[in-house]
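Here is a short briefing on how parts of a protein model meet. Look through the structure, then read the points below.

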Amino acid sequence: MSEIYELRVNGVDYPVTADANRNLSGVLRDELGLTGTKEGCDDCECGACMVLLDGQPINSCSYLAAQAQGREISTVEGLMDRDEMHPLQTNILECGGVQCGFCTPGMLMSAHALLERTPEPSLEEIKVGLSGNLCRCTGYGTIFEAVAAASKVEKVEP
Amino acid sequence: MTDTSAGSTTTINPPATGVGNSVDRPDASAKVLGSFEFSNDLNHERMLWGATIRSPHPSARIVSINVAPALAIPGVAAVVTHHDVPGSPVYGLISHDQPVFASDVVRYQGEPVAAVAADHPDTCRRAMVAVEVVYEVTEPVVDLLTAATAKPVHPDGNVVRRVPIRFGDVDAVGDIVVEGTYEMGMQDQAFMGPESGMAVPAAGDGSIDLYVATQWLHEDRDQVADCLGLARDDVRIHLAGTGGAFGAREDVSFHVHACLLAQHTNRPVKMQYRRDESFLGHVHRHPAHMTYRHHATNDGRLVKVECDIVLDGGAYASSSFAVCGNAARFAAGPYKVPNAVVNASVVRTNNPPCGAMRGFGAVQVCFGHEAQMDKLAAALDMDPLEIRLLNALETGDRLITGQILDGVAPVRECIEAAAAFPLPPISGNDVFDQPGGAGRTADPLAVRRGVGFAVGFKNAAFAEGFVDDTHARCRLENGQVTLWCAAAEVGQGFVTIVRQIAVSTLGTDRVELMRASTADIGSAGSTSASRQTYMSGAAVLKACEEVAEQVRLAIAATHDVAPELVTIEGGRARTIDGRVDVIVADAIADVRFEAELRHMHRETYPLDEETGQGDCDVTWIFAAHRAVVDVDVELGLVKVVEVTTGQDVGVALNPLHVIGQIEGGISQGVGLAVMEEIITDVGLVRNPSFTDYLLPTMVDMPDVRITLIEQPEEGGPFGAKGVGETPSLSSTPAVAAAVRAATGLELTRVPIKPQDIALG
Ligand code: FES
Ligand code: FES
């Protein structure tokens, strides 16, 4: 059964017409054309579909889209501030943390949530905070460095 | 020898985006912004969705297939089976032995039986259930050791290949002999972006375009065209954004199915595998059973290596031929071995099909020969490092194939570099430092530390007389360089490297590499066997150099100087007297310079079928790893604390991205050592998900310290070698050796499971 509702994504309200059983990643990707959110497993295992719901990281493949009504959804497409890349984005580029890039949007969203919650994470907190995001290409070292560097950047900001 | 912090030795000319620099990937910005189009992001307003109906049985006869109930479902546009394949009913990488759709029997769980196209993925799912396939289940062949003589799994017989090697005095006997039997489980490539793509039928002329994440566009094209009964030019394969590969995209997966559905419906058809389907829908790393006997003198010099290797290829051949060849050739490891007797074979079973994965064949035997080197060291009361250094291969040595190792071979340097890093301090009592990590179950008093070493090698590029060619085209026009090459970018960074090569040759960073497509240029060969930088990088370099040469002649004419007075170096054209000094790319406007060429490496030859002797390889790659682990010996939990490595890289064209390859390869090696295995039960996959097939996470990854060993390789662009597979060779055996050192257990099988330690 199709339902009609609204989703607020990156500060923009989108009208949605979709079956009640559709997951959020599917609606973002197929209905709203926001394909920056990836699907690597569709089963809450890989973190590629990570988005923020009112600032909390969730695997959007395992979350019903209709339940996200009235909440603020943040995806990788909204990470940039006008023309400025987020420090996490510039750092992951500089550190060489992007190879195939399939995990990258989910990694960025998890890291973003972590730094919002814990602006000065310990090294362990970074590792645990990103342990729900699988990357098969990089071995994580460069991604870890990028997040550690970004947390320092945010630290020096007043 | 370069520490990772240092740059390379290559002379750099401005712009500073040439070789030797850690330049950003050209596609990285789009990837961090979320705008990069991966193969499963493809969209077309008229598209249908395709899905594959697969056998639930590893071995069965097909009694009947009834597609009518599925076709009756509203929204279903087509269902195709083996009846609908107009061309060759079979395909395959080296031999064509795998049906597009099973017709009379199924030989593995997940074998495609039919495919459906519908207006929505949900409709596809309903249609998949509605297709009625009646099977008569038969007894599967699942034991690799008895498969050779079991009932035939396939009309071609149960032995895909045997490779014997007889080198030197086969009866030689050492002062000391150590024996061991080793096993490796089935590893999955587990790339993050599942198989996906879209087939688009061209209006009117029967030709078709397929956009797909793949490793080898032209090989796909040939197989797809043959199955569709089309001329090869009527199938155009375009590379779609690829979310990793590691060998699993070298074979055709849904390619023919999507094209058939698109032809039947005359609409674009998109297919994408679910993760559980991906586990069943591509080849894996061959499980291996290896029995070794090493002979040595009392002072530790190797006298002879004897080895029997059996690899489980599953029902279809895929790249088993090459995997078996690698296992045999590299069975003795990177050591001076004067005599060898090797028998390698790859058999068919009804287990999941196996084929290419990073380090194919060489990874399996490295686990065996390195365990043996440690055994030998223990028997002789020698240091594991010392025995490896004593026997380390050098340039000019003869390999067990009789071939002279004539490339650079810094085995000693790799070992010394891996060992040179100071050992990490004993872990603290923090829960994060304990084995079990976030599980927090380790008792610090039960934790033992262990250190292990391993060294590995293999060839790079195609071997054994396979035609190994690649094509590149370079165009220079008004200061803009455009490059064409069909090498598949799968995440490894080819797109960055070729750009750097062009920058260094032509002196401008206005360089664009076009999307890889069979429509635009000849084959680049496969993105596998650590060959694209070495092969296609060299092709692009040659094409750029040829353009630079054309420009040199034109400059000489324009400035009215003799052509031989104009030299080109580092992207600049100069005369000694200084009259001419210009950036090549900017020298002549309004003229189009273009060069296209085919590049091949030196010829290689097949192995003799009885003795396994022959000059079959073109170049070799080496690495050594040292692993430090903490093991809770009571619970069997392992924490890999640190892995250090010295890796032979030729010259690092982009040091940061070389490091990325090494760290990624080590993570897969660590996974194979202590976590990753596809578990089968009478041919059925028991863990086709990331919940049950465990990959290393950021928490599981050890600290990695790297020394790049830079010794320029002749034949490689700017002295570069392939770097992709090397880190996966000896990282696994190094971790296993460290766990053995911590526990005192033999641990002859990887992955090592907690119960192997706790109950060992
Ligand atoms: S796609 Fe959602 S966790 Fe993998
Ligand atoms: S970069 Fe490929 S999965 Fe992370």
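The contact between the chains takes 39 residues from chain A and 45 residues from chain B. Two residues are in contact if their C-beta atoms, placed from the backbone, lie within 7 Å. The model is predicted: local features need pLDDT of at least 70, side-chain atom pairs count only at pLDDT 80 or more, and totals for chains, interfaces and linings use all residues. Residues are numbered from 1 along each chain as its sequence is written, while chains are lettered from A and ligands numbered from 1 in the order in which they are written.

**The chain A side**
- α2 (87–94), α3 (104–117), α4 (123–129) and α5 (141–156) of chain A each supply at least two residues to the side that touches chain B.
- Helices (H or I, at least four residues) and strands (E, at least two) are DSSP runs, numbered from the N terminus.
- That side of chain A has 19 nonpolar, 13 polar and seven charged residues.
- Nonpolar means Ala, Val, Leu, Ile, Met, Phe, Trp, Tyr, Cys and Pro; charged means Asp, Glu, Lys and Arg; the others, Gly among them, are polar.

**Helix α3(A)**
- Twelve of the 14 residues of α3(A) are buried, including Met107(A) and His112(A).
- Buried means 20 or more other C-beta atoms within 10 Å of the residue's own, with C-beta atoms placed from the backbone.

**Domains of chain B**
- Chain B is divided into domain 1 (2–36 + 469–600), domain 2 (39–138 + 194–242 + 249–281) and domain 3 (284–463 + 606–758).
- Domain bounds come from an automatic or database domain assignment.
- The contact between domain 1 and domain 3 of chain B takes 28 residues from each.
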